[in-house]
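Here are my notes on the model, as numbered points. Please read them with the structure open.

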Amino acid sequence: MSIAEKFVSMEYGPAPEDPKEAISWLERHHRRFDLFIGGVWKAPERGEYFDTFDPSNGEKLADVAQGSAGDIDAAVKAARAASDKWRSLTPHARARYLYALARLVQKHSRLLAVLETMDNGKPIRESRDIDIPLVARHFYYHAGWAQILPQEFPEHEPCGVVGQIIPWNFPLLMLAWKIAPALATGNTVVLKPAEFTPLTALLFAELCQEAGLPAGVVNIVTGDGSTGEALVKHPDIDKIAFTGSTEVGRAIRGATAASHKRLSLELGGKSPFIIFEDADLDSAVEGLVDGIWFNQGQVCCAGSRLLMQESIAEPLISKIRDRMSTLRIGAPLDKAIDIGAIVARVQLDRIQHMVEQGVAEGASCWQPNVALPARGLYFPPTLLSNVHPTSIVAQQEIFGPVLAAMTFRTPREAVELANNTVYGLASCVWSENVNVALHVAAQLKAGVVWVNCTNLFDAACGFGGYRESGYGREGGREGLLEYMEPKWLKHAPKLLVAKTEAVDESEHLAEARTPSVDRTVKLYIGGKQARPDSGYSFPVRAADGSLLGEAPLGNRKDIRNAVEAARKAEGWGKTTAHNRAQVLYYCAENLSLRRSETIHRLAAVVGEEQATREIDLGIERIFSYAAWADKFDGAVHNPPFRNIAIAMNEPIGTVGVICPSEVPLLGFLSLVMPLLAMGNAVVAVPSEKYPLITGDIYQIFDTSDLPGGAVNIVTGYVSQLLKTLAEHDDIDGIWVYGDDATVASAKAMSIGNLKQVWTNEGKTIDWFNPKVAEGRWFLEHATQVKNIWVPYGE
Ligand code: NAI
């Protein structure tokens, strides 16, 4: 073809990136890789290796060691041995190592990008221009944190040895998201890459050697799910950080429940891509291409659900089809390719199967007329329209280049549809009307909202999900907190709880006949006093064993009613912070008015001295959270694009609280007030020892303008109520103060909807010491960060 003809046809010629360097790297290793443990390469204990392939052509790239439980143990030991020295380095020394890693990533960026593309199948354009530069950025950013850490977090220390498990969709980027903050905060690491894409992690191990990183600080153990499982279960791991499927996330929550391992989960998504009729449609279509066809749609935050305003659906679909027809599918090392290969046969089959299911459920399937390469694993860009919101393709993560399109009429309906998912990772809103866009952004239940943009990431902006997309954030200040613990908590003594057994019914009846009891209280649900469903009450005794009164014996039904009331009161989270502060001040005022009578009653159980301190400190604690209500602000990040990212501290939603038994009033206030201050609705189980405190508490709320349902109180036995609270699908988080066994069962029972679980890890909290019992640590757990990205400029 002549140049003149080419000029007319505008055909792309081949533009392959040269894989020579990557191939010679593989050859240098004789295409066989061992485990990186304690700074050296070790053959796997059992001598087993697995193959890793180039999915774009099916060719085998290398043999990679299959790590066993024994290998994991060796790696954990190496990480433990390196831990003390690493954490006691000066901040500057740690910063220099991270800085050196960032420089080395940049220096070897071409090799890393080519190797990533060969192992994963993603277009070189993406690995070269997005993944690897972001990897370097993460190490630079966290080098900075290492330097200033003691100034910014003087009361924290590292978790210790961290186990990290990553997926195959962004192999090196996920490694960076995990390793950089862990090292910056003084942890040592055992990382398990995904079995489909282990190569760049192994090259990174070499960079650690080149940087002179002390042996054992980073250990890389390759292998499959069983290797990951061994890491999760290893008793000497202090924290697990996982990115991958929601299903495995659940298994890990279950497997770590009985331990005190900290856990952060970054799981799946079904992110909405909302386009309003006033959007710049051409830009929105470009955004959509990036949103769903970036990395073949194998992206946890892929904009896989297109929600279009009905009035523009037709022209929009036609624009999308036109654009889809120009997408180029093929060998991912070609620099002009838009869509590369699917990572593995099993993933390709899964995509195919889900599309078939979607069509069987009534969706219409459209694919452009493009030829797929003869060899390798490819799936064409696919548009499913007429998708019913309940269809499997609208609800479940496909993790492939498949877009499910639906329509809406009003902004309200858009929000409803967008939130109609168990996930909550990311979302996009396209509208030229900034009021509409930000109003909708505020209502979306997702950790990230991109306004008129998509798939922007930065190390300074925490990334992570709401709901079943997991918990914890990666990046930003909030991401660092996942790798540290307050010093005092780490060294706090164990909480030993005297067990209160559920008393048998005949005793209740007998007690109920006992005359001249001091008082009874009721449950407090939806702002009203309520009788317990069971019709029973249980005895409450004074310190000397005498009967003080009766407390209602709450059951499952009462918890459910309380959760329903709390759900209805979520408007509390939308009131202004000033307003919430006012209500809290009013609560303090009312408690102070009832000071002497409350002391008198509480004194019978905890003694006069403790009762007085509980109330005086309680009033102070409420003041403290009234003060914080309008001061625990978010941040505005300035990522390196023409964008601002508004980080909002949003309430978690409805939170269940198991209160301390021994400190009935102050314990209750210390947990419930930070949640209220941040706009959460609460269902609390008060002190089992002295549930009668409920009567004093609801009188305060009743006279303080707190909207009904914002706090609900169900008295009863923790052993009976915790299960309903922890398993309830309408509860977004649960705070549990208890002994080891109570805390473990809360975690184990929370896996259904993967609610956030925050506990004392079976340790004692000194509620009388404001340095540990109030402040940021509580507020950080009462909120979740949502980043709203807004572009600026022409
Ligand atoms: P996966 O969740 O099984 O794998 C992720 C990582 O976890 C891998 O390193 C794997 O070896 C490890 N793993 C597997 N089982 C484990 C266990 N019991 N304990 C500890 N570690 C374990 O994901 P998979 O099978 O590769 O993909 C399945 C589906 O998961 C995809 O189709 C996609 O829908 C979703 N997925 C979501 C990701 C996300 O970033 N949200 C990433 C990868 C997959």
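1. Disulfides. The count comes to 0 disulfides, where a disulfide is a pair of cysteine sulfur atoms within 2.5 Å. Take Cys300. Its sulfur lies 4.7 Å from the closest cysteine sulfur, that of Cys301, which is too far for a bond. Cys300 counts as buried, at 11% relative accessibility. Cys365 is partly exposed, with a relative accessible area of 37%. Here buried means under 20% relative accessible area, exposed means over 50%, and partly exposed is in between, with a 1.4 Å probe and protein chains only.

2. Basis. This is a predicted model, in which local features need pLDDT of at least 70, side-chain atom pairs count only at pLDDT 80 or more, and totals for chains, interfaces and linings use all residues. Residues are numbered from 1 along each chain as its sequence is written, and side-chain values use heavy atoms, with hydrogens and water left out.

3. Overall dimensions. How does the radius of gyration of the chain agree with that of a compact globule? For 794 residues, a compact globule would have a radius near 28 Å, and the chain has 28 Å, which agrees. The radius is taken over C-alpha atoms, and the globule rule is 2.2 Å times the number of residues to the power 0.38. Along the principal axes, the C-alpha atoms fill a box of roughly 105 × 65 × 50 Å.

4. Secondary structure and contacts. The chain has 28 helices and 33 strands. These are DSSP runs, numbered from the N terminus: helices are H or I with at least four residues, strands are E with at least two. Of the contacts in the chain with a separation of 6 or more, 77% join residues 24 or more positions apart. Contact means heavy atoms within 4.5 Å.

5. Of the 794 residues, 60% count as buried. The accessible surface comes to about 29,800 Å², and 52% of that belongs to carbon and sulfur atoms. Areas come from the Shrake-Rupley method with a 1.4 Å probe; for residues, only the protein chains shown count as cover. There are 77 positive and 95 negative side chains, and the centres of the two sets lie 2 Å apart. Lys and Arg count as positive, Asp and Glu as negative; His and the chain ends are not counted. Each charge is placed at NZ of Lys, CZ of Arg, CG of Asp or CD of Glu.

6. Positive phi. Most residues other than glycine have a negative phi. Arg31 has a positive phi near 50°. It sits in the loop between α2 (20-28) and β1 (32-33) and is partly exposed at 23% relative accessibility. Asn295 has a positive phi of about 55°. Its loop runs between α11 (281-293) and β13 (305-309). Is Asn295 buried or exposed? It is buried, with a relative accessible area of 0%.

7. Helix α24 (residues 693-702) is mostly covered, with 8 of its 10 residues buried. Among them are Ile693, Ile697, Tyr698 and Phe701. In α26 (residues 740-749), the buried residues include Thr742, Val743, Lys747 and Met749. Which elements cover them? The cover includes α10 (246-256), α25 (718-727), β31 (733-736) and β32 (756-759).

8. Ile237. This residue lies in the loop between α9 (225-233) and β10 (239-243). Not counting residues up to four places away in sequence, Ile237 touches Val76, Val161, Val162, Gly163, Leu231 and Lys261. Asp630 is 393 residues from Ile237 in sequence and 38 Å away in space, C-alpha to C-alpha.

9. Lys42 is in strand β3 (residues 40-42) and is partly exposed, at 39%. Beyond its neighbours within four places in sequence, Lys42 contacts Asp34, Leu35 and Ile37. Gly793 is 751 residues from Lys42 in sequence, and 53 Å separates their C-alpha atoms. Pro154 is in the loop between α6 (124-152) and β6 (156-158). Its relative accessible area of 43% makes Pro154 partly exposed. Not counting residues up to four places away in sequence, Pro154 touches Leu149 and Lys487.
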